Amino acid sequence: MYVAVKGGDRAIENSQKLLDEERRGDPRVPELTLAQIREQMSLAVDRVMTEGSLYDPELAALAIKQARGDLVEAIFLLRAYRTTLPRFGLGEPLDTSAMAVRRRISATYKDLPGGQLLGSSFDYTHRLLDFALAAGDERPAAEIAPEAVDDSMPKVAEILDQEGLIEREEPDGDRLPVFDLTRESPRYPADRSARLQNLARGDEGWLLGLGYSTQRGYGNNHPFAGEIRVGEVAVEFAPEELGFPIEIGEITVTECEMINQFKGSAAVPPQFTRGYGLTFGNCERKAMAMALVDRALRARDFGEAAEAPAQDEEFVMAHSDNVEASGFVQHLKLPHYVDFQAELVTVRALRRKAAALRDAAE
Amino acid sequence: MTTVIPHPTKSTATAAAPAQLEGYNFAYLDEQTKRMIRRAVLKAVAVPGYQVPFGSREMPLPYGWGTGGIQVTAAVIGPDDTLKVIDQGADDTTNAVNIRRFFAKTAGVATTDRTADASIIQTRHRIPEKKLTEAQILVYQVPIPEPLRQLEPREAETRKMHALEEYGVMHVSLYEDIAKFGRITRSYNYPVRVNGRYVMAPSPIPKFDNPKMDRMPALQLFGAGREKRIYAVPPYTEVKSLDFEDHPFEVETWEQSCALCGAGDSYLDEVVVDDKGTRMYVCSDSDHCRERREAGHQGDGGPK
């Protein structure tokens, strides 16, 4: 017996009711609150905010709840909401050297002004499942250090810059319009502002794989983790009617500055080069991968042969967005039977012709 | 044994405009965005077949599911329009239903499944069998707007090729088909040349539909959301399917007729009706089929 699927309003409505039911799970188990997600799934919230391009922990928590923990779906929800928001203008550049640092490490110096500050990190945990945690989480609060964090924490790149050992980070020029990839379609070759925006929104898994590939020889750029810092920075905005910037809030960011293989030329003596990564919240793995890929994509700037996938700007940028990728991969679920019918007609005709040729030969 | 065939037996005809969703602008997008899209549409109409980059927005529907077509429709639709949405030729496929619901909800416009009653038809993969008129706009959903993409993956290169009218690689690809199989084997998304200038992807419609594009009285608009491109074929513009003198373009034909309405000249879907491989053929254009049946035409009912 054959019953063709007839798509319709009712099928969609029923499917969505079922989805709601499955999201809720067993109703005897208490429902998740947004505060629980925000406080206890904070790294998921940070990833959704970063790739969703919207700094709002509450909405990110809602998206995670609605998406049943599917972070790519949650990112999609946040992006679709973000696109409806009015934009008032461009903020001032973040001053990450004035960050209220929670964590700051450098792999290039044993000690440095401001010191190494480990902060909270999975890095030196033994990855043993903590069965005590399964029963409940009653831990003593972390102690407060006797002395405050040094409020002067120069950036590692600035220390190198004093000696001219690292390329200068030159701004494109004050008040030049910054490329906005949410408002314009990408052009290739892209400028660095477009590339960094693309990478900042890019899928963490995509960047991680590409960054990793550079370490394994596909476009190696000899990176050192010059500095990784996590903390709060002020967001400033200069309203037109005021004419000067005012602080409108504070956000948590993760910044990674990679120090990469040196380059020199007839005009400039050898110096290190840079790769840069920045994310909302605490997304250290993503920030590091982003910095590796950013540097790989600058191959052209340094006259390096761009032969590896991670150095291929169009390849990297055009496929980094998981909302685009997820949609297009999954659109294969949509009916394609008209095209398939066209292929059937063609293949049958080709087979008829092949059979006729065979018969004629016999 | 019951066989439910994927066609409405009765038309739901034109549904009255429902109340528009509160909290969102008419047709979802804000007016500035619609203006930006209309400017891209105007440029596309002025340069037939040229892919105009536009600042495609993130829509509440997934990329690859019609976001380009939805943005174009949102930019050109007005409160007095009547919208028809089809996917695979039919109004009742899930994605067509979903997009129609989207506009019913966000624009509160009237919707219809009758081709003749629609002022805007958004489509995926088909052109209606009924001849369209000057009063209508056909909006295509486009997955990959670049006809050369499968031959050259880089946008930086393909843009140059279009600028220089360097289409040799496309002809070579078609010729390779002939050398390998004795005929051009592309059966859908068959490349066309518009107004004697730009080679254009007609979107994945079957090549059966290509001749309908040529000098069509209706305005044809193409939206590719993920790829951020809009292009157009103005009314009465020449659209020629690429071919060779000794291998002229031809369309699919079937030995069968529609089992429901008996049409022998429409695009047919093949439906497998049992586990022994028995098949029946029905019109892919569900409104065309309904109209013929209402006019008294009848097919043989398919396999008994």
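In strand β4 of chain A, A:Gly249 is the bridge partner of A:Val235, and this pair belongs to a predicted model. The two strands concerned, β3 (residues 224-237) and β4 (residues 246-263) of chain A, run antiparallel and are joined by 13 bridges. Strand β3(A) also pairs with strand β2 (residues 100-105) of chain A, again in the antiparallel sense, and here the pairing extends over 5 bridges.

| Strand | Paired strand | Sense | Bridges |
|---|---|---|---|
| β2(A), residues 100-105 | β3(A), residues 224-237 | antiparallel | 5 bridges |
| β3(A), residues 224-237 | β4(A), residues 246-263 | antiparallel | 13 bridges |

Turning to the helices of chain A, α3 (residues 42-52) is mostly covered, since 8 of its 11 residues are buried. The buried residues in α3(A) are A:Val45, A:Asp46, A:Arg47, A:Val48, A:Met49, A:Thr50, A:Glu51 and A:Gly52, a list in which A:Asp46, A:Arg47 and A:Glu51 are charged by residue type. Just after this helix, A:Ser53 adopts a positive phi of about 55 degrees.

The contact between the chains takes 39 residues from chain A and 50 residues from chain B. On the chain B side, the elements giving two or more residues are β1 (3-4), α3 (94-106), α4 (155-163) and β12 (268-272) of chain B. By type, the chain B residues that touch chain A divide into 20 nonpolar, 16 polar and 14 charged.

One residue of chain A illustrates this contact in detail. A:Pro335 lies in the loop between α12 (322-330) and α13 (337-361) of chain A, and, leaving aside residues up to four places away in sequence, A:Pro335 touches B:Asp87, B:Gln88 and B:Thr93. A:Pro335 counts as buried because 20 other C-beta atoms lie within 10 Å, and the cut-off for that class is 20 or more.

As for confidence, the model scores ipTM 0.85 and pTM 0.90. Chain B averages a pLDDT of 92, with 94% of the residues scoring at least 70. Over residues 1-10 of chain B, however, the pLDDT is below 50, although this stretch has 22 contacts in the model beyond near neighbours in sequence. Strand β1 (3-4) of chain B, listed among the elements that touch chain A, falls within that stretch of residues 1-10.

Notes:
Residues are numbered from 1 along each chain as its sequence is written. Chains are lettered from A and ligands numbered from 1 in the order in which they are written. This is a predicted model: local features need pLDDT of at least 70, side-chain atom pairs count only at pLDDT 80 or more; totals for chains, interfaces and linings use all residues. Two residues are in contact if their C-beta atoms, placed from the backbone, lie within 7 Å. Helices (H or I, at least four residues) and strands (E, at least two) are DSSP runs, numbered from the N terminus. pLDDT is the predictor's confidence in each residue, from 0 to 100. A residue is buried if 20 or more other C-beta atoms lie within 10 Å of its own, exposed if 12 or fewer, and partly exposed in between; C-beta atoms are placed from the backbone. Two strands pair if DSSP finds at least two bridges between them.
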